[in-house]
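Please look through the structure below before reading on.

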Amino acid sequence: MKVIFSRPLFAYIMGLLILVFVSGAILSQLTNEYIILGSILTVEYIILLLIMLHVYDKYMKPIKKASNTIDELVKGNYRARIHHTSSGSVAELSNKINILARNLSEFAIQEQMQEKQLSTVIDNTQSGLVLLDEKGYIHLVNRKFISMFGGVPHDYNGFLYYEVLDNEKIHQTVQQTFLYEKNVKESFTQIIEVDKKYIEIVGAPIFNERNMLKGAVLVLYDITHLKKLELMRKDFVANVSHELKTPITSIKGFAETLLDGAMNDSETLKNFLTIINDESTRLQGLIEDLLTLSRLEKDEFKLVRSTLNMNDLVDEVLPIIRQSAEQKGISLTAEVGESISLQADKERVKQVVINLLTNAISYTSEDGEVKLTVTDTEDEVQIQVSDTGIGIDQEAIPRLFERFYRVDKARSRNTGGTGLGLAIVKHIVEVHEGKVSVDSEPNNGSTFRVYLPK
Ligand SMILES: Nc1ncnc2c1ncn2[C@@H]1O[C@H](COP(=O)(O)OP(=O)(O)OP(=O)(O)O)[C@@H](O)[C@H]1O
Ligand SMILES: [Mg+2]
């Protein structure tokens, strides 16, 4: 019964019937003419029924539709609309509901777009990001984070951070961020695809508008590059100090011995002064090399380019080198293509050739051969220095151009080398936008090639 009466139309019809019965009961007190009474009641019933149907169609049905539409909107279906050809205040209501639905749908689209933009930004930032709620559950990890720690977002989202992140430093960062409610910074190393990476992690607390802690965001930066630079700077300072210390200690030692009385013996005096002179020359060379490197590295460094003829350059360089080659009985030959020229800084290119030839002679034993060849193509000049010397181990080749790097420290120091020559070569070639390459085999000689754009 209850179910049937809950249907409005049925309830109204029943209501009408009761009304007709009641009015029939009242009228039957006034007259005994049952035919007239019956007719009046029938007409009354029909009129009331028509009125009721009209009311139902004009008000009840649209209101029911409006209510259904609102139900759809509440469920999140912002495309729901009322299609009803009514007029008056019900039409106004339908209209307003339609406008509301349209606004909601616009808001939803905007929100979706913003969400998309935000997730694009989050996914494409070059730092790893993790969003935690106040209980420590992970709500979001971005693409960079995944590339650092592996897996897929599903492996992290919805889990407690300490269940899925096996890193003591990350745990500490989260705990301290929650404990002190301020930014916390830590760093650690992580193996990513066989490379050791330095990661800096910053934990930042998130507060709601009532200033209550609602969670934390973890930002992870890859600082490997910075760490390497820092290490290089430290190494450089240590190397420079070490290289300066050796000749200075020796100069001081010999000078002290002379002052202590050794200078009275003219033979010793001459010997020691020669050593002091040699060491000073070495010191001077080292300082000049360091200055050259630092000048080449300066941002405002400018090449003095001019048209440079390679034949002229080789003619100037060979006499400087020839003496040391002859001393070691090394045959020094040069082969330069005809009228090869390029736009370059003459003094710098000269230094490249001198450094390469000096090395070739230093690291080639007596009676060896050193050959300088200059060739060119349409847009490039190739300078090649090959020797029949001691050669270089394959694993040492990538490090040759590092400052102070020497394959065999003891042997190189005997030749007076400090390991800056090739670093200078590389710098000069790079400021000319050229390339340098090495081919070498132990005991089978080496070939250095420099390519300079014309
Ligand atoms: N032609 C070569 N044959 C064999 N080893 C070489 C040759 N050229 C360079 N090397 C190796 O590379 C190292 C670096 O060379 P680089 O010219 O930079 O330094 P260096 O010759 O030791 O010192 P300097 O600063 O006086 O040039 C050398 O110590 C040597 O071990
Ligand atoms: Mg050298």
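Predicted model: local features only at pLDDT ≥ 70, side-chain atom pairs only at ≥ 80, totals over all residues.

Residues are numbered from 1 along each chain as its sequence is written, chains are lettered from A and ligands numbered from 1 in the order in which they are written, and side-chain values use heavy atoms, with hydrogens and water left out.

**The sheet**

- Five strands form an open sheet with mixed pairing, in the order β7-β9-β10-β12-β11; strands (E, at least two residues) and helices (H or I, at least four) are DSSP runs numbered from the N terminus, and two strands pair if DSSP finds at least two bridges between them.
- The edges are held by β7 (331–336) and β11 (435–440), each of which has a single partner strand, so one side of each is left without a neighbour in the sheet.
- From one strand to the next, the twist averages 10°.
- Strands β10 (residues 380–387) and β12 (residues 446–453) pair in the antiparallel sense over 7 bridges.
- Tyr 451 in β12 is the bridge partner of Gln 382.

**Helices on the sheet**

- Helix α11 (residues 346–362) lies across β7, β9 (369–376), β10 and β12, and runs at about 20° to β10; contact means heavy atoms within 4.5 Å, and angles run from 0 to 180 degrees between the N-to-C directions of axes, which are lines fitted to C-alpha atoms, for helices over the stretch in contact.
- Helix α13 (residues 421–431) lies across β11 and β12, at about 25° to β12.

**A helix pair**

- Helices α8 (residues 224–259) and α9 (residues 266–297) pack at an angle of about 160°, their axes 9 Å apart.

**Loop residues with positive phi**

- Glu 181 is not a glycine, yet has a positive phi of about 55°.
- Glu 181 sits in the loop between α7 (168–180) and β3 (184–192), and at 38% relative accessibility counts as partly exposed (buried means under 20% relative accessible area, exposed over 50%, partly exposed in between, with a 1.4 Å probe and protein chains only).
- Asp 367, also not a glycine, has a positive phi of about 65°.
- The loop between α11 and β9 holds Asp 367, which is exposed, with a relative accessible area of 66%.
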